[in-house]
Amino acid sequence: MNPEPVRSHLPLVAVVALLGLIVILLGGLLAPPPPAQTDPGFVDYPGFMELGAEIAAYRETRLIDIDTFNAMKADPDTIIIDARSARNYALGHIDGAVNLNFSDFSAGMLSEVIGAKSRRILIYCNNNFSDNIAPVVLKSAPLALNVPTFINLYGYGYKNIYELSGAYSIEDSEIDWVSRPIYQEN
């Protein structure tokens, strides 16, 4: 009597393992990606978007032309914030503006530079100038620095903000542009 050959279950185990691996891989591909920020207390993009939506209509009422801007800046209690880089500010800015780089915005820094939250603040950015040359190279319109500057100031409790509207040449006498001379080496 011939004993029956012993059958190995190895091919079946391999097929089941392979199917399990495929299910795991497909599950990983079909699952939504993990959130970029697991602690929303430090980065709150939805909160930023909500704040932007909340103030959209308010901001529209705070856009001012150059004549109004100049009349307001004549008041010694008004501050003009230039939120561009220190380098671009040094190359040229509206006379009387104070440089507070946007990346330095914090409750403490804003309080130190601006003072009272009720103080009138005027803001402008590269996109208020039509020259498209350094130091006012145009940015993508939806990314113009005025937008996040306004939202951030408002979010920190500064609500007396006015934003220059329109685009002007830095050569326009109404702008009152000041710049340091640029020397070239020979």
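Buried means under 20% relative accessible area, exposed means over 50%, and partly exposed is in between, with a 1.4 Å probe and protein chains only. By that scale Phe48, at 35% relative accessibility, counts as partly exposed.

Before I go on, the ground rules. This is a predicted model, where local features need pLDDT of at least 70, side-chain atom pairs count only at pLDDT 80 or more, and totals for chains, interfaces and linings use all residues. Residues are numbered from 1 along each chain as its sequence is written, and side-chain values use heavy atoms, with hydrogens and water left out.

Back to Phe48. Phe48 sits in helix H2, residues 45-60. Helices (H or I, at least four residues) and strands (E, at least two) are DSSP runs, numbered from the N terminus. With Tyr45 and Met49, Phe48 makes a nonpolar surface patch of about 320 Å².

Now, H6. Is helix H6 enclosed or open? 7 of its 10 residues are buried, so H6 is largely enclosed by the rest of the structure. The buried ones include Phe150, Ile151, Leu153 and Tyr154. Their cover includes H2, helix H5 (107-114), E5 and E6. After H6 comes Gly157, with a positive phi near 100 degrees.

A cis peptide bond joins Ala134 and Pro135, with omega about 10 degrees. Asn132 lies in the loop between E5 and H6 too. Its phi is positive, near 55 degrees, in a residue other than glycine. Asn132 counts as partly exposed, because its relative accessibility is 41%.

On to the core. A nonpolar core is a set of buried Ala, Val, Leu, Ile, Met, Phe, Trp, Tyr and Cys residues joined through side-chain atoms within 4.5 Å. The largest has 18 residues, and Phe69, Ile94, Tyr124, Phe129 and Trp177 have the most contacts inside it. Helix H3 (66-73), E5 and E6 each supply at least two residues of this core. H3 gives the most, with 3 residues.

What does Ile94 touch? Leaving aside residues up to four places away in sequence, Ile94 touches partners including Phe69, Tyr124, Leu164 and Asp176; contact means heavy atoms within 4.5 Å.

Asp176 is in the loop between strand E6 (161-164) and strand E7 (177-178). Its phi is positive, about 60 degrees, although Asp176 is not a glycine. At 34% relative accessibility, Asp176 counts as partly exposed.

How values were computed: Patch = residues over 30% accessible without salt bridge, like charges linked within 9 Å, V, L, I, M, F, W, Y side chains within 5 Å. Areas by Shrake-Rupley, 256 points an atom, 1.4 Å probe, with all protein chains shown as cover. Salt bridge = Lys/Arg side-chain N within 4 Å of Asp/Glu carboxyl O.
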